[in-house]
Amino acid sequence: MTTLVRPYGDTTGDGMVQISFTLPVPHSKRAEGAAQQLAAKMGLDPALVVHAKPMGPDYTFFVVYGRVHHLVDLDAVEVVERDYPLLTPKEVNAAIKRSLRRRLVVIGACIGTDAHTVGIDAILNIKGFAGEKGLEYYREIKVVNLGAQVSVPHLVDRAVAERADAVLVSQVVTQRDAHLLNTREMSAAFGEAFRAEERPLLVVGGPRFDEAMSGELGVDRIFGRGTTPGEVASFLVHRIAS
Amino acid sequence: MSGKLDLDPVTVRQARSLARKAGRPIVKLAQQHTTVSVERATLRLAGLGGADAEGTPWVNRLMDAVRADVGLEHGVALPVWDALARGEAEDLVTLAQKASAGSVRFRHPEGRDAQRARSASKRAVGGGIRRIDARRRERDRLIKKHGDAPRTPWIYLIVATGDIHEDIPQAQAAARAGADVIAVIRSTGQSLLDFVPEGATREGFAGTYATQENFRLMRAALDESSKELGRYVRLTNYASGLCMPEIAALAGLERLDMMLNDSMYGILFRDINPVRTFVDQRFSRQVHARAGIIINTGEDNYLTTADAVEAAHTVTTSQLLNEYFAKEAGLEDWQLGLGHAFEVDPAVPESFRLELAHALLARELFPKAPLKWMPPTRHMTGDVFRGYLLDGFFNLVGAMTGQSILLVGMMTEAVVTPWLSDRDLALQNVRYVLDAAGGLGEDFHPAPDGLIASRARQVLAETIDLLDRIVHDSDQAGDPPLLAAIADGTFGLMKRPPDGGRGLDGVARKARDYYNPASELLEEK
């Protein structure tokens with residue numbers, strides 16, 4: 001019935017939380033006082049500094065327990081839901097097998113003069129990113145990674161030759177809006193080379209893109225900083241194989 | 001062999017002989033080919049450093065010019081030292097500058113001219129080799145002077161800020177906190193660069209570029225720390241990717257102490273062409289052997305993609321292959337930091353005993369090798385408290401099975417790059433386990449028919465099956481069986497054909513009159 005909650009230690013409504021942090025202060029009584037004050041400012045009342053340990057001559061690590069009086073109204077919590085389900089590699093493979101009955105073909109590249117393959121490699125290489133394996137790891141995905149400094153005409157040619165289902169482009173360099181110009185050039189070239197219903201899915205990624213600009217840039221999806229291979233794979237399946 | 005597992009010596013000999021059989025055709029392949037990076041490493045050993053205004057190293061400029069005129073297959077030495085002898089330039093840098101401006105034509109010298117170029121190049125490269133020898137003696141001297149790490153396993157910590165001037169204070173702090181070995185992680189993507197960046201660098205992605213100047217700065221800083229702490233602190237970097245030979249040469253010249261060096265990693269995880277990287281690996285290992293550098297191999301990585309129980313034997317297989325390749329290149333047992341990892345899913349029943357079995361198997365198969373024991377990553381979930389416990393068990397296996405190099409696990413693995421407090425807590429964890437149970441190996445004798453001993457025997461048997469499959473593998477092109485096996489997806493589930501991957505255009509089959517003074521000097525016994 002009630003949608004108001006506060007943290008739970010061992011008794012309903014006790015509001016107990018635990019935090020840890022480091023202050024750039026040598027360990028002393030004053031340092032512990034500083035930790036206590038910080039915790040109090042964070043809303044812990046009372047704040048109990050239960051552990052303080054010097055880390056080298058100039059820093060001190062603290063563990064603090066305390067009660068917070070804040071309430072959270074669950075009805076007022078807003079979250080941006082992903083508009084496609086996040087799948088495990090196994091589920092991705094199964095979905096592709098089921099609906100395409102062949103491997104899903106993905107071509108990746110850094111286009112223009114951009115030589116930073118960090119992003120595309122994080123998504124494509126088996127090594128992956130953030131503990132998730134890259135798309136090469138997926139049995140039902142065929143990955144063609146063209147690497148860096150790929151020209152747009154070459155990318156289009158390869159997409160035709162490989163019958164790509166999706167084209168992934170990574171752009172790190174943003175000088176003079178190079179990432180936006182390159183992306184527009186790419187989407188225009190694919191628009192010319194393919195009939196709309198046959199065009200591969202166009203996905204771009206990079207740390208400086210605004211994820212809301214996909215329409216304006218003529219691509220199907222933009223992924224920003226911190227995107228993991230699993231998110232990209234799930235998106236591809238959502239759009240191509242479901 | 002300490003014999004806690006009572007491994008059958010005949011089986012162990014059989015495993016080694018199969019590894020030799022699988023490895024030998026690869027060595028032959030490496031002997032028959034050269035690469036742009038092997039040739040550039042030769043130029044570096046002869047003292048050519050620096051880069052042009054665009055940051056392209058002079059070794060690349062010179063190599064490319066020579067290749068355009070006479071090809072790669074004869075090697076870079078004869079055309080270059082012939083041009084110097086003809087008076088095209090007074091030294092290598094000037095020659096490289098003129099060559100990149102297009103004002104020098106290279107030729108492949110013959111007869112007396114070839115003889116003259118041959119001895120001049122050998123003299124020049126010999127200077128670099130002598131410098132590597134001097135650096136090795138200097139390491140021995142410093143270890144004697146300051147003392148060595150106080151105990152094994154050596155405690156191995158990573159720094160990775162992207163900025164060498166930030167890395168230095170972090171590395172010194174880590175050494176003060178107890179690290180015996182500091183590894184500077186490279187910038188993501190460096191393995192795919194077909195050149196070694198130049199100078200001190202301040203911008204990397206999730207790591208710092210490996211450059212000669214960065215090596216020099218960090219080694220100097222750790223020499224200060226060694227003096228302050230009264231123990232020699234070792235420095236590690238990565239001779240992997242497309243520039244293995246060059247980075248190995250720079251490591252030798254700047255007295256790095258350990259180098260990650262495993263072409264299988266590049267093949268599987270970076271899609272580097274197998275032929276390119278096996279050729280590069282052999283040369284780089286010859287340099288490491290000469291420099292007294294300990295190599296670290298990357299078997300732990302297989303377990304980050306494949307299941308650590310199902311794929312345990314692929315680790316052992318790769319260790320045996322790496323041992324063969326390393327020894328063939330001249331490395332000694334004490335230089336073989338063979339890798340393995342604590343990656344069994346903690347939800348698997350008896351996972352700790354399985355880890356003990358795998359770690360003990362590696363220890364007993366390679367009793368004299370400084371094994372590198374890698375912490376859990378795959379099953380670190382963001383629950384830092386559970387991760388801390390897992391790291392404690394990892395440390396305990398390391399202590400009980402006599403691992404030599406222990407990469408310190410962070411409870412915040414997969415969450416953040418380690419904070420100051422994470423590193424401190426992680427070191428407390430290691431220290432507690434080593435103080436509390438460092439000698440437990442002495443009392444630890446697994447029952448002959450218990451789970452640990454039988455599991456170890458099972459992994460060894462599976463290893464022999466796999467090696468046997470590898471030596472009988474084949475492809476239509478008639479490539480060495482190991483290359484065919486790599487193309488089949490035998491390791492880490494990745495399929496890497498010998499004619500695919502990056503860097504193949506930098507490989508050439510040696511011509512009959514190929515000459516490389518570095519190879520000649522490194523292979524002299």
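Mentor: Start at one pair of residues: A:V167 stands opposite A:L202 in β9(A). Before going on, note that this is a predicted model, in which local features need pLDDT of at least 70, side-chain atom pairs count only at pLDDT 80 or more, and totals for chains, interfaces and linings use all residues. Residues are numbered from 1 along each chain as its sequence is written, while chains are lettered from A and ligands numbered from 1 in the order in which they are written.

Now the strands around that pair. Strands (E, at least two residues) and helices (H or I, at least four) are DSSP runs, numbered from the N terminus. Two strands count as paired if DSSP finds at least two bridges between them. β8(A) and β9(A) run parallel, joined by five bridges. Strand β9 of chain A covers residues 201-205, and four of these five are buried. A buried residue has 20 or more other C-beta atoms within 10 Å of its own; 12 or fewer makes it exposed, and anything in between partly exposed, with C-beta atoms placed from the backbone. β9(A) also pairs with β10(A), again in the parallel sense, over three bridges. There, A:G205 has A:F223 of β10(A) as its bridge partner.

Step back to the whole sheet. It is open and has five strands, in the order β7-β6-β8-β9-β10 of chain A, with parallel pairing. β7 (141-145) and β10 (221-223) of chain A each have a single partner strand, so one side of each is left without a neighbour in the sheet. From one strand to the next, the twist averages 20°. For such angles, axes are lines fitted to C-alpha atoms, for helices over the stretch in contact, and values run from 0 to 180 degrees between N-to-C directions.

Next, β6. Strand β6 (residues 104-110) of chain A runs parallel to β8 (residues 166-170) of chain A, and five bridges join them. A:C110 stands opposite A:S170 in β8(A). Helix α4 (residues 152-161) of chain A packs on this sheet, touching β6, β7 and β8 of chain A, and its direction makes about 170° with that of β6(A). Contact between two residues means that their C-beta atoms, placed from the backbone, lie within 7 Å.

How far can you trust chain A? The predictor's confidence in each residue is pLDDT, from 0 to 100. Chain A has a mean of 90, and 95% of its residues reach 70 or more. Within chain A, helix α3 (residues 118-124) is lowest at a mean of 84, and strand β2 (residues 16-23) is highest at 98.

Chain A also has a peptide bond to check. From A:D45 to A:P46 it is cis, with omega near 0°. A:P46 sits in strand β3 (residues 44-55) of chain A. Most peptide bonds are trans, and most residues other than glycine have a negative phi.

Now the partner chain. Contacts link 19 residues of chain B to 18 residues of chain A. On the chain B side, α7 (164-176), α10 (263-270) and α16 (420-437) are the elements that give two or more residues. That side divides into nine nonpolar, six polar and four charged residues. Here Ala, Val, Leu, Ile, Met, Phe, Trp, Tyr, Cys and Pro count as nonpolar, Asp, Glu, Lys and Arg as charged, and the others, Gly among them, as polar. The model scores ipTM 0.84 and pTM 0.85.

Chain B itself contains 19 helices and 11 strands. Its mean pLDDT is 95, with 99% of residues at 70 or more. Of its 525 residues, 57% are buried.

B:R255 is not a glycine, yet its phi is positive, about 55°. B:R255 lies in the loop between α9 (244-253) and β5 (258-260) of chain B. B:R255 counts as buried because 24 other C-beta atoms lie within 10 Å.
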